[in-house]
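Subject: Handover of a structure

Hello,

I am passing this structure on to you.

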Amino acid sequence: MVVGSGPNGLAAAVTLAQAGLKVTVFEGAATPGGGTRTEELTLPGLAHDICSAVHPLGVASPFLSRLPLAEHGLRWRWPEVDLAHPLDDGTAGVLLRDLDATCAGLGRDGEAWRSLFGPLLPGFDDLLDDVLGPIVGVPRHPVRLARFGLRAGLPATLLLRRLRTPQAQALFAGSAAHAYQPLSGPATAAVGVMLTLAGHAYGWPVAEGGSASITRALVSLLESLGGEVVCGHPVGSLRDIPAARLVLLDTVPGAAADILDGRLPARTRRAYRRFRHGPAAFKLDVAVRDGVPWTAPAARRAGTVHVGGTWQEVAEAEAAIARGRMPERPFVLVAQQSLADPGRARDGVHPVWLYGHVPHAYDGDASDAVLDQVERFAPGFRERIVATAVRSPADYAAENPNYVGGDIAGGVSDLRQLLARPVLAPDPYATGVPGVYLCSSSTPPGAGVHGMCGHRAAVAALGSLA
């Protein structure tokens with residue numbers, strides 16, 4: 001039995017079904033998918049992704065990439081430019097899948113960029129297999145992992161010293177900011193290094209038709225293996241599901257503690273109850289006629305745009321939200337999926353996905369702050385908006401119990417909680433209750449639509465049956 005049908009719950013279910021087990025997934029919402037769902041939020045025919053939108057780690061995932069998801073309808077689509085980070089002078093840092101082209105575009109920082117990321121690209125798949133797993137354990141490729149660690153273990157602000165131009169510095173800082181952490185903290189370079197490498201190795205694609213296509217493909221594959229998904233079935237206790245040899249929980253640790261209702265060992269229960277949740281997302285879905293009028297030409301062709309100005313501005317904004325203070329100029333992520341997947345636009349109107357990083361459980365209205373940031377780099381943007389849908393941290397939390405306080409990343413990703421996610425143990429997925437495992441993004445390797453939390457938890461669970 002699997003509780004929760006997000007990408008990790010479905011990945012766990014598929015792994016168990018591939019091993020020959022009869023699997024049922026229980027989902028409290030009316031539709032499966034968790035963060036990988038797509039709905040018409042603004043205008044009829046415009047498909048907006050509810051949470052996840054762009055998937056560099058989805059296409060690169062050691063698990064998802066091995067599945068026959070194309071046979072079940074999943075198609076990846078790439079934009080002309082993978083990522084752009086515009087600046088006030090009309091220029092932008094630009095990430096292309098082609099490392100040579102990226103370096104050429106970064107001018108005098110080209111060779112520095114190559115020296116940072118080029119040596120890690122050969123054998124990237126082997127590296128990814130180690131990085132997307134528990135930190136506690138014996139790596140399969142220790143030399144590659146050590147070379148990665150020399151960069152990833154640094155504060156992002158320290159790694160930025162290797163770069164000199166505002167464009168290259170901002171380009172890396174924006175990727176590092178996906179960690180929702182102050183960029184001066186230890187190991188905050190890790191997310192930026194990994195996303196940059198994934199971009200050069202695989203690009204930053206979207207799923208054709210929306211992120212729900214990933215869910216549909218995983219559900220279809222699971223059903224072909226004899227499994228099923230039951231929606232509209234919330235689980236608050238083990239009594240809410242049939243008895244089973246294995247139970248995997250795609251939930252945050254606090255919810256797992258509630259479901260297990262006193263069965264947890266004392267040490268694990270304390271760790272689950274103390275698990276910390278981080279800053280939140282404030283999301284706007286907008287229908288934009290003729291697209292976003294970015295000043296930087298590359299941003300008009302980019303599937304993803306990081307909006308935050310210089311690296312110093314990004315660092316200041318991320319430090320503010322970590323302290324619980326709403327910045328005047330938040331870091332904003334923008335996805336223009338219709339540039340890679342033109343079928344998502346209708347009569348010249350494009351669905352544009354954007355969210356700002358805000359403090360945990362922020363209860364204010366960040367709409368103007370988010371829109372002002374985009375307008376800053378795309379004058380006239382507001383005039384092109386024909387419809388808007390807003391999702392606040394409270395909306396996210398009410399819609400999905402895993403999004404505590406609007407935290408869509410499954411918990412704080414500082415060094416302490418990277419090592420103990422959710423507990424410091426050789427098997428971080430085991431709850432200590434026989435046959436019950438945690439498989440959400442609150443376990444290693446953390447947030448992202450890669451399915452590795454669910455897959456690795458299922459492998460650990462299967463090992464208990466041996």
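**Pockets and cavities**

The second largest pocket has a volume of about 200 Å³. A pocket here is an open set of points on a 1 Å grid over the protein atoms alone, with protein on both sides within 12 Å along at least five of seven lines, whereas a cavity is a set of points where a 1.4 Å probe fits but cannot get out; lining residues have an atom within 4 Å of a point. Grid points are joined across faces, edges and corners, and a volume is the space filled by probe spheres set on the points.

This is a predicted model, in which local features need pLDDT of at least 70 and side-chain atom pairs count only at pLDDT 80 or more, while totals for chains, interfaces and linings use all residues. Residues are numbered from 1 along each chain as its sequence is written, and side-chain values use heavy atoms, with hydrogens and water left out.

Lining the second largest pocket are R267, R270, A271, R274, F275, R276, R416, Q417, A420, P422, V423 and L424. Of these, six are nonpolar, one is polar and five are charged (Ala, Val, Leu, Ile, Met, Phe, Trp, Tyr, Cys and Pro count as nonpolar, Asp, Glu, Lys and Arg as charged, and the others, Gly among them, as polar). Helix α12 (266-274) and α17 (415-419) each supply at least two lining residues, and the largest share, four residues, comes from α12. Helices are DSSP runs of H or I with at least four residues, numbered from the N terminus.

The whole structure has two cavities of 30 Å³ or more. The second largest cavity has a volume of about 40 Å³ and is lined by P119, L120, P122, G123, L127, R144 and R147.

**Aromatic pairs**

Rings of Phe, Tyr and Trp (its six-membered ring) pair if their centres lie within 6.5 Å; planes under 30 degrees apart count as stacked, over 60 as edge-to-face and the rest as tilted. The count comes to five aromatic pairs. F124 and Y202 have ring centres 6.3 Å apart and planes at 50°, so this pair is tilted. Because F124 lies in helix α5 (residues 124-131) and Y202 in helix α9 (residues 189-202), the pair ties together parts that are 78 residues apart in sequence.

F124, at 3% relative accessibility, counts as buried, and Y202, at 21%, as partly exposed (buried is under 20% relative accessible area, exposed over 50%, partly exposed in between, with a 1.4 Å probe and protein chains only). The ring centres of Y396 and Y403 are 5.5 Å apart with planes at 85°, so that pair is edge-to-face. Both Y396 and Y403 are buried. Ring pairs also link W113, F117 and F172 into a cluster.

Regards
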